Amino acid sequence: MKHFPLIVDSKQPSDFRQYMRCIVGGNWLMLVSIVVIISSIIISYPLAQAFSMPMQITAHISTIVFAGVLKVGYVLRCVGFNELGHEVI
């Protein structure tokens with residue numbers, strides 16, 4: 001398994017920087033989507049009585065939408081790892 005530096009500088013090839021951006025972007029996208037999914041589930045179910053009906057509807061819809069965003073982030077991360085020659089699990 002290859003190791004790659006965590007710091008991207010201007011001396012590295014542009015392909016490497018591009019795929020590192022894919023990995024970092026995918027990680028951030030997954031992190032943000034997980035936070036939104038957890039928040040929307042909490043709003044939708046255990047704390048539903050504390051929120052208005054439009055807010056609950058928005059939370060239910062955002063759960064579905066951000067599950068898709070999570071998958072896009074994972075695929076973006078996998079593309080970056082694959083193109084850098086790492087095994088994608």
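The model is predicted, so local features need pLDDT of at least 70 and side-chain atom pairs count only at pLDDT 80 or more, while totals for chains, interfaces and linings use all residues. Residues are numbered from 1 along each chain as its sequence is written, and side-chain values use heavy atoms, with hydrogens and water left out.

Select helix H1, residues 14–44, and then helix H2, residues 53–83; helices are DSSP runs of H or I with at least four residues, numbered from the N terminus. Their axes, which are lines fitted to C-alpha atoms over the stretch in contact, come within 7 Å and cross at roughly 160°. H1 and H2 are therefore roughly antiparallel to each other, a term for angles over 145 degrees between N-to-C directions.

Next, select residues 21–45 and 57–76, which an unreviewed UniProt entry lists under "transmembrane region", bearing in mind that such annotations may be inferred rather than shown by experiment. Residues 21–45 are 96% helix and 0% strand, with end C-alpha atoms 36 Å apart, whereas residues 57–76 are 100% helix and 0% strand, with end C-alpha atoms 29 Å apart.

Now show the side chains of Phe16, Tyr19, Met20, Cys22, Ile23, Phe81 and Leu84, the seven residues of the largest nonpolar core, meaning buried Ala, Val, Leu, Ile, Met, Phe, Trp, Tyr and Cys residues joined through side-chain atoms within 4.5 Å. H1 supplies the largest share of this core, five residues.

Methods: Buried means under 20% relative accessible area, exposed over 50%, partly exposed in between (1.4 Å probe, protein chains only). Helices (H or I, at least four residues) and strands (E, at least two) are DSSP runs, numbered from the N terminus. Axes are lines fitted to C-alpha atoms, for helices over the stretch in contact, and angles run from 0 to 180 degrees between N-to-C directions. Angles under 35 degrees count as roughly parallel, over 145 as roughly antiparallel, 65 to 115 as roughly perpendicular and the rest as oblique.
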